[in-house]
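These are short notes for someone opening this structure for the first time. Please read them with the sequence and the model side by side.

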Amino acid sequence: MMKLTNQESKLKWLLLLFLAIALFILALFTGQTSLNMIVIGLAIYIYKYGNPILFKEYDEKRKKQLEESRVVHEAVQETLQSKKLFKKNKEDV
């Protein structure tokens with residue numbers, strides 16, 4: 001089996017995603033619950049294996065933002081716990 005390039009792999013997962021959306025809309029209008037079960041299975045498959053390929057850049061950006069906010073949160077907590085922010089120096093009075 002040939003190894004897919006990044007763009008080909010993204011295209012494959014996008015096509016599967018649009019197929020799942022189209023099947024969901026079809027199942028919604030026709031009221032077929034069996035088709036909904038197929039869509040749910042396809043969605044789980046796409047989420048498990050396609051998500052890292054489709055949303056790699058977004059996930060990396062989000063992880064970086066979360067790490068930065070965690071560092072800021074820890075610094076704020078440390079400052080509040082030490083109470084240095086609210087104490088006045090005797091020299092300032």
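1. Helices here are DSSP runs of H or I with at least four residues, numbered from the N terminus. The model is a predicted one.

2. Aromatic pairs come next. Searching the whole structure gives 2 of them. One is formed by Trp 13 and Tyr 45; this pair is tilted, with 5.4 Å from centre to centre and 40° between the planes. It links distant parts of the chain, since Trp 13 belongs to helix α1 and Tyr 45 to helix α2 (residues 33-54), 32 residues apart.

3. The rings of Tyr 45 and Tyr 49 also pair: their centres are 5.2 Å apart and their planes stand at 55°, so this pair is tilted. Through ring pairs, Trp 13, Tyr 45 and Tyr 49 are linked into a cluster.

4. Lys 10 deserves a separate look. Its place is in helix α1 (residues 6-30). At 18% relative accessibility, Lys 10 counts as buried. Apart from neighbours within four places in sequence, Lys 10 is in contact with Ile 53, Leu 54 and Glu 57.

Terms used: Residues numbered from 1 in each chain as written. Predicted model: local features only at pLDDT ≥ 70, side-chain atom pairs only at ≥ 80, totals over all residues. Heavy atoms only, no water. Helix = DSSP H or I, 4+ residues; strand = E, 2+ residues; numbered from the N terminus. Buried < 20%, exposed > 50% of the residue type's maximum accessible area, 1.4 Å probe, protein only. Contact = heavy atoms within 4.5 Å. Phe/Tyr/Trp six-rings, centres within 6.5 Å; stacked < 30°, edge-to-face > 60°.
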